[in-house]
Amino acid sequence: MQLWTVAQWCARPCMDRAEEVTAFVVVVEQGKSVEEGVIVSFGSNSSMKQLRQSVAAKLKIADADGITLLSSQEGSEVTDVRQLLDLKATYVQTASVRRAIPYIKGYPVVGIVPMIIRDTRECLSALFGDHDTIQFYVFSTHVVATRDPAGGQLCDQRQRFPFSEVRQVGGTGLFTSSSTDPQWQLAHRLLMPAFSVSAMKIYNEEMVQVALDTNNLVSQYAANEPIDVMTLATNITFQTIGMVGFGYDFKLLESKDAPMSPFLIGMNYCLGQVKTRITRTAYWKHLPLASNYRFDAEMQGMKGHSAPDENGNLVGLSDDNIYDQVITLGIAGSETSANTLGWCLYLLDKHPKVQDAVLQEIVDLGIKPGVRPEAKQLNRLKYLTQVIKETLRLFPPVNNIDKYCEQDCVLPGGHLIEAGTIIRLHAWSIHRNHRIYRDADKFDPDRFNEQNIKDIPSGAWIPFSSGQRACIGQSLALMELRAVLAIMLCKYKFSTVGNKTIDYDPSAITTRPLDLFMTVAQRTEYPEPRTDTSAELAVGLDASSLDVGKLSAAAIAGGDLPNVTVAFGSNMGASEDYAVQMTEQLQKMGFPQVTLTTLDDWDVAAAAPSGDAKRPLVIVITSTYNGVPPDNAGQFAKFLETETRTDVLDGVDYLVFGTGNSMWRTFQKFPRYVFARLGELGATSLGEFQFGDSNEDLEEDYMQWSLRTCAMLAAKYGSSSEGYAEAVAVPRSLPFNITLVDSTAAAPFRIASENATIKANQELQDVGKSGRSTRHIEIVLDQSSGIQYQTGDHLNVYPVNKPGVVREVSAILDVDLASVVELEQTSDSSRFSRSAAAAMQGASCSVSDALQYVCDWKEAPSRELVVALGEVAGDDAAYHVLRKAADDVNTLGKQSPGWSGFVSQTRTVLDVLRRYAPLVRQVPFGSILHFVSAMTPRRYSIASCQPVVGNEVHLSVAIVDDIVNGRLYGGLATEYLALLEPGSRVSVSHRPAQAAFHLPSPPGVPVLFVGAGTGVAPFRGFLQEMKQAGTGDATLYFGCRSPEYDYLYKDELEQYVQSGTLAKLQPAFSRVGSERKYVQHHICADGAKIWDLLDSQKAHVYVCGSASKLAKDVVNTMLDVFQTHGHLSSDDASKYLADLVAAGRYVEDVW
C-alpha cells in the first residue's frame, strides 16, 4: 500500500487511480481557516458515508449524515472520495456553524433563577419549548441545557458538581467534587472495589436483614395507622448504608418510636437549605442568621458523628476527605434510594395490575414471608427490576447532571458547544422526552423488558449519571431496592392514605415525594405459583446459602450415585491441580467411581449410558492457550470440531469450569467452546458456564465454584451431608510431616537440575536515558538437557532467590541453614499441591536449598499463611489489620475489605515475614513450607534459531523493577537473570509454542511480524531462520519508545533489510515528537497493502507482546483495515479475522 499526502498525490506520475491508497486531507469547518482544521485519513476506495463518519468523529459532530463536504469555502459539494485527492482541504458544512442555540433571556445578575426557583423540574422543562437544547445564565454562569441523550455522550466525562451548596454539604466526596480534583481521583480508585460485583455478594446478607427488620418494624403499626413513608424509607436506606458501608448499626428499625439519627436530622436540614442558599449571595451566607448558624452546626455535627471506626478506614485518604466520603454515602446512598423506595410503593399502589405482576413473580421464585430469601432468588426478580427502573425514569433522584466540555462538540440539530462550556443534562426532561418515550408521562415497566430496552437510546436513562462519573453505587442501590421491596411486598400491602395523588416536593434538591403517608395490611391471599422453579433455584444457589444440615443425613448407597469423570486440559498445571482437588472432594462425598483424566484421554464416544444405566456426570476443567486448546486437549478439540451426531452424549450430565486471564483477547475461548459443543452433542448441563480469572484471583474463583458445585451435587444426588462437609472443610492437619535428619544425607536439591551455562548477558537499552533495562542473554545448553527447539518456541527458566533474601528469611524464621529435613506425605495433598512442601516431599533437602531454590518469597501471601499468623496474634492492637484480614478472608473471601487492606500493605510473603516477624517464629517451619508456594518457572520467547546458533538459546528479557509504596519490587526471575555472569549455571526446560506459531510451509509465503519491546524476540529467531533458508518477503512492525535508547537489535534488523530478508522494517516510536506513534498507526497507514497481502497473497501474521494492550489494539486496527480496504461489514470483518485464526494465518504469542 502507498501512503500519500494530498500534495504528493497531486505531484505523482500518471498511474491507475483504481489502486487503493490511503491519503490525508485537511478538514475545515466552513468559515474557519485551514490552520484551524483537523487531518483525517481515508482510503481512496472508501464510501462517502465512511468518510463522513470519520469527519464526524474528529469534529465531534453527532449527526454524520448531516455533513456536507465542499471543495472550497463556497465551492461545490464533494460527492466522491476521489475528488479529495485533488484538493488541499475540504470544508465541512453543517448546521453547527449556522444555527445558534436558542437563548433564554433572564434577569440582570441572577439570570433565569427567578423563572425556575419555584420548581426547577417543570419550569426548566417548560423553557425547552420545542427545542431540545437551550442556553441561559444562572447568576454569572453560562449554562447550556439539553434534553437530548446525545449531550452526555459527546461531552467530556468530567463531571462538575451541580451546586456549590451541595459541595458544601458533601465536600470533596465522590458525588460532589470535580473529576479533576486529585481527592476525587484517589477516592474513586480506592472506593471502586467496594462496589464491585464480588463486593455485592458480601453485602446481600446485610440488606436482607435490614428488610426483615423493616417488616418487624411495620408490624408495630395498627391496621389503619398512617406511616410516614419517607421517614421509614430514609431509615431503611440509611440503616443499610450504616451496616454495609461502615459496619455500624444506627438502630433505626428497632421501634417505630425510635428517635431519628442526629446525622439524618443534619443531612435533611442541610439539603433542605441548599435550595434556599443557591439564590443567596456569598455575603448573605455569612450574616448572623439563625439558619446560617444551624447550617454550620449541623455540618459540624455530621462530621463529628460520622467518621468510620478503625474497621472502616479508607487507606490513603485524608481524614477530612474520609468525612466527606461518609457524608456523600449518606446523601447519595440514603436520600436518593429512599426517594425511589417511596415512589415505588406509591406507584405500585396506584397501579394494581403492576403490583399483582410483582407479587406473582415473588411467589413464582419461592420467596415467602418471614423466610430469608436467597441472593439468587432476589437477583431473578426481573419484573420488579423493571418497576424500579421505570420509577427512576419518571422520578430521577437528581434533577440536573452537569458535564464539562473540554473541546468543541456539535449536538444534534447542529448546535455548536464550545470548549469550556458547562452542559446541563436535564434528567427530568430527558426521561420524559416524548421523542424518545411513547406516552412518556405514563408508568409502564414494560419499557425495560428484554425486548423494549434495546430501543432506548444510550444516554436516555441516566438516574445514576453516565460515563466516568456514573454512580459507582448503582448496583448497590438496585440490589437494595429489590431486596427491600420484595420482602416488604411479600408480607404487606401498602395503600396511600385517602387514595390521594402525591406530587414531588418542589423545594427539595432531590425528587422527594411530598406528604406521602400510607397504611399497611398483612397479606392473607397469594397467587398460585405459575411454574415449579424450586429445582432450578436449588441448583443455582450460592454454596454459602445452602444449609448443609438440611441435606440427607444418611449416607446414600454408592449404587445410587452416578459415575463421574473429571476431565482437564492444562498447560501450566493450574487446571490439572483443580481437577485433582475436585476428584478428591467428590470421593469424600461418597461418589463410588470418580475417574481423573486428560481431555485427550477421555473416551467421549463411549461416555453415553446404555440401556437403563445411570446418567454419568462429566466435569470439565480446562484452560486455553492464546485461544487454542491446551496441549493435552488437542485431539479432544478435533473430535468436537468433526463430530456431527447430535446424540453422541445423550444421557450425559456435565459442568464446565474455565481458567484463564482476562487480559488475553481470547479469554475463555476454548472453555466456552467446550461448554457449547457438549450441549450440541446431546449432553445436559447442570449449570451455567463458570470461569476463574488469574488476572483477579483464580484460586478464589475456583474455591467458590467448587463449593457451589459440591453443594449443588449434594442436593441433586442426595449424597451425605457428612460427606459434603468433609469435602469442603479446611483440612484439620497438614498433608506432609517434616522430620529433621542427618545433615550428611542431603545432596543439593533443585526443582529442576542445572543443565545450561550463561555465555553472554548484555544490556540492550541505554539505561541512563530510558530508566529501564532489557538484557540479551545467550545460554549454552548441556548435551544432557536434550532440548531441541523450533524457532518460535519458549524456554522455561527456574529462578533462584538472592543470597541476601535467604539470609534474611532464615534469621526471621530462626532456622539453621545447614539443617536437613525430609517431608513425608500422610494425607491428601491436592490443596497444597503447589506448595514448597509438596515440591520437597520424598527427598532430603537442606534448609538453605529450600529457602533459596524452592520457596517463592515474592508471591502474594496465601490465605493459609495469614490465617495461621492471625491465630497466634492474640489481642495485641498492633496486629489488628492482620486479624481483620484473617477473619475476612475466611468468611468473605479475598474481595473483602480486610483482605484488600492487608495486601495493599504487604504485597509479598517476604513483606509479611518482615512485618510480622515475632508471629512468624511462632508458626512451625513445616507449616510455613505448606503455606508458601514452590517457585514456578518463568517462560520466555526464544530469540534464536537452533540450526543457526547450534546448542545455544537466546533470550530477550525485560527487567521488572516496580516501586510501590516507596519500596522497590524486582521481578523474581528477571532480577535473578539480570545479575547472572558468563559461566553461571542455570536450570531451564523447553516449552513448544502453539503449532501455528512457526514459519509457514512451504517457505516464501509473505509474513508480517508485529511486536513491541521484547515482543521482537521470536521474530529475531524467525529472521535467522529465513536468512539461512534464503527466503524474504517479511515485514516487521516494531514498537519502542525512541531510536536513541530502546530500539532493540537495531543494527541486526537493518542488516536483514540490506540482505533482503526483511522487505520492510517499520519502527514505531512512541516518545518521539508531540504525537505518539504505535505499531497500529503504521498498520492502519499500510492498510491497503496489508489487505492485499492477506487476501491475495495469503500472508501470515504473527503478533507478540502485551495481551491487554498491543494485541487488542492490533486486532481492532486489523478489523478497521478489513472494513476500509476489504469493504467488509463489521460482522464480516470479524468473521474474516476468525477464519484467519482458524487457518493458522493470524497467530498471537502474548502475555
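Here, a residue counts as buried when its relative accessible area is under 20%. With that in hand, let us walk through some views of this predicted model.

**Figure 1. The whole chain, before we zoom in.** Of the 1151 residues in the chain, 54% are buried. The secondary structure comes to 41 helices and 37 strands. Among contacts with a separation of 6 or more, 74% are made by residues 24 or more positions apart. The chain exposes about 49,300 Å², and carbon and sulfur atoms supply 50% of that area.

Figure 2. Is His426 buried or exposed? Its relative accessible area is 0%, so His426 is buried. Setting aside neighbours within four places in sequence, you can look for contacts from His426 to Thr120, Arg121, Leu124, Ser125 and Phe128, and also to Thr146, Asn399 and Asn400.

Figure 3. Helix 21 covers residues 669–680, which is 12 residues. At 1.5 Å a residue, helix 21 should span 16 Å, and its end C-alpha atoms are 17 Å apart, which agrees. The buried residues of helix 21 are Phe670, Pro671, Val674, Arg677 and Leu678. Seen down the helix axis, these buried residues fall within an arc of 130°, so they line one face of helix 21. What do the buried residues of helix 21 pack against? Their partners are strand 17 (617–622), helix 20 (634–642) and strand 18 (653–660). After the helix, have a look at Gly682, whose phi is positive, near 110°.

**Figure 4. Arg750 with Glu754 and Asp849.** Arg750 takes part in two of the salt bridges shown here. With Glu754, the closest N and O atoms are 3.7 Å apart. With Asp849, the closest N and O atoms are 3.5 Å apart. Arg750 lies in the loop between strand 21 (736–741) and strand 22 (756–763), while Asp849 lies in helix 27 (residues 847–854), so this pair ties together parts that are 99 residues apart in sequence. How accessible are the residues involved? Glu754 is partly exposed, with a relative accessible area of 34%, and Arg750 is partly exposed at 24%. Asp849 has 10% relative accessibility, so it counts as buried.

Figure 5. Glu952 lies in strand 28 (residues 952–958) and Lys759 in strand 22, so the pair ties together parts that are 193 residues apart in sequence. Which of the two is buried, Glu952 or Lys759? Glu952 has a relative accessible area of 12%, so Glu952 is buried. Lys759, with a relative accessible area of 43%, is partly exposed.

**Figure 6. A network of charged side chains.** Our last stop shows Asp132, Arg147 and Arg435, which are linked in a network of salt bridges.

Conventions
Residues are numbered from 1 along each chain as its sequence is written. This is a predicted model: local features need pLDDT of at least 70, side-chain atom pairs count only at pLDDT 80 or more; totals for chains, interfaces and linings use all residues. Side-chain values use heavy atoms; hydrogens and water are left out. Helices (H or I, at least four residues) and strands (E, at least two) are DSSP runs, numbered from the N terminus. Buried means under 20% relative accessible area, exposed over 50%, partly exposed in between (1.4 Å probe, protein chains only). Contact means heavy atoms within 4.5 Å. Accessible areas come from the Shrake-Rupley method with a 1.4 Å probe; for residues, only the protein chains shown count as cover. The expected span of a helix is 1.5 Å times one less than its number of residues. The arc is that of the directions from the helix axis to the C-beta atoms. A salt bridge is a side-chain nitrogen of Lys or Arg within 4 Å of a carboxyl oxygen of Asp or Glu.
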